[in-house]
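Subject: Structure handover

Hello,

Here is the structure I promised to pass on. Please open it alongside this email.

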Amino acid sequence: YSEIDSYFCKFSRPYRILISTKRRGVSRSLNILVRIADTKYLARMDDDDIALSHRLEQQLSLIEDQNLDVLGSAVALINAKGETISKKLLALDFSQKVLQRDLVFNDVFFHPTVVYLRTWILKHKYCRYWGNGQDRELWIRAFSSSIYANSEEVLLQYRVRALQSNVFLRAARNKMLL
């Protein structure tokens with residue numbers, strides 16, 4: 001708790017730290033946080049990833065300029081030591097035809113890069129009964145009434161571990177570079 005508090009105290013805007021005493025699952029916890037938030041935009045990020053210093057400024061500018069509901073970005077895949085393995089972007093073509101095909105079989109966002117409008121996520125919400133893959137289920141369910149995009153710029157260092165992810169194995173094997 002003190003590490004989190006010391007990190008956020010450098011920001012001038014008031015903030016709140018919420019610590020749950022119950023295990024509610026990711027989807028339900030995210031929905032609770034969305035209801036509690038009092039901002040126009042919400043940004044996702046995992047605790048082991050590293051946002052670049054200009055990430056939010058860049059994404060908020062793009063989401064407003066392009067009138068988007070959801071915006072992700074390219075990532076630098078890093079290993080447990082923080083060393084860059086490769087750079088990756090999941091999708092650039094967000095046309096309805098491509099999304100209908102790709103959303104089911106492919107990831108279109110790295111979820112910790114996503115910024116979305118709070119009104120959008122309040123409308124669509126995470127399915128609390130969905131296990132792993134709650135982000136993909138949300139993207140699929142909401143795509144027909146949403147405007148999605150990805151920034152081609154790397155805005156986050158996404159930590160992958162050999163035992164945790166096929167992303168790591170594919171990156172190491174193929175050296176997937178932008």
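Below is what was found in it, from the overall layout down to single residues.

**Overall layout**

Please keep in mind that this is a predicted model. The protein has 178 residues, and 40% of them are buried. Its secondary structure comes to 7 helices and 6 strands. Along the sequence, the order is α-α-β-β-α-β-β-α-β-α-α-β-α. Take the contacts with a separation of 6 or more: 71% of them link residues 24 or more positions apart.

**Strand S3 and its partners**

Start with strand S3, residues 70–78. S3 is mostly covered, with 9 of its 9 residues buried. Which strands does S3 pair with? There is S4, S5 and S6.

- S4 spans residues 84–88 and runs antiparallel to S3, joined by 4 bridges. Leu77 has Ser86 as its bridge partner in S4.
- S5 covers residues 115–117 and is also antiparallel to S3, with 2 bridges. Here Leu71 is partnered by Val115.
- S6 takes in residues 148–159 and runs parallel to S3, with 9 bridges. Val75 stands opposite Leu156 in this strand.

S3 and S4 also form a hairpin, with 5 residues between them. Gly82 sits in the turn and has a positive phi of about 90°.

**Nonpolar cores**

In soluble globular proteins, nonpolar side chains tend to be buried together. The largest nonpolar core here has 29 residues. Which of its members touch the most others? They are Tyr116, Trp120, Trp139 and Tyr148. Look at Trp139 in particular. Leaving out residues up to four places away in sequence, Trp139 touches Val70, Leu103, Val108, Phe109, Val114, Tyr116, Trp120 and Tyr148. Another core, of 7 residues, lies apart from the largest one. Its members include Val75, Leu77, Phe110 and Val160. Val75 and Leu77 have already come up above: Val75 stands opposite Leu156, and Leu77 is bridged to Ser86.

**A nonpolar patch on the surface**

Val104, Phe105 and Ile140 form a nonpolar patch on the surface. Together they have about 290 Å² of accessible area. Ile140 belongs to helix H6, residues 134–142. Is Ile140 buried or partly exposed? Ile140 counts as partly exposed because its relative accessibility is 31%.

Most residues other than glycine have a negative phi. Two residues are worth a look on this point.

Asn67 is not a glycine, yet its phi is positive, at about 55°. Asn67 is found in the loop between helix H3 (55–65) and S3. With a relative accessible area of 56%, Asn67 is exposed.

Lys125 also has a positive phi, near 50°, and is a residue other than glycine. Where is Lys125 found? Lys125 is in the loop between helix H5 (118–124) and H6. Its relative accessible area is 41%, so Lys125 is partly exposed.

**Where to begin**

I would open S3 first, then its pairing with S6 through 9 bridges. From there, go to Trp139 and the residues it touches. Finish with the loops that hold Asn67 and Lys125.

Best wishes

Terms used
Residues are numbered from 1 along each chain as its sequence is written. This is a predicted model: local features need pLDDT of at least 70, side-chain atom pairs count only at pLDDT 80 or more; totals for chains, interfaces and linings use all residues. Side-chain values use heavy atoms; hydrogens and water are left out. Buried means under 20% relative accessible area, exposed over 50%, partly exposed in between (1.4 Å probe, protein chains only). Contact means heavy atoms within 4.5 Å. A nonpolar core is a set of buried Ala, Val, Leu, Ile, Met, Phe, Trp, Tyr and Cys residues joined through side-chain atoms within 4.5 Å. Two strands pair if DSSP finds at least two bridges between them. Patches are made of residues with over 30% relative accessible area and no salt bridge: like charges are joined within 9 Å, nonpolar side chains (Val, Leu, Ile, Met, Phe, Trp, Tyr) within 5 Å. Accessible areas come from the Shrake-Rupley method with a 1.4 Å probe; for residues, only the protein chains shown count as cover. A salt bridge is a side-chain nitrogen of Lys or Arg within 4 Å of a carboxyl oxygen of Asp or Glu.
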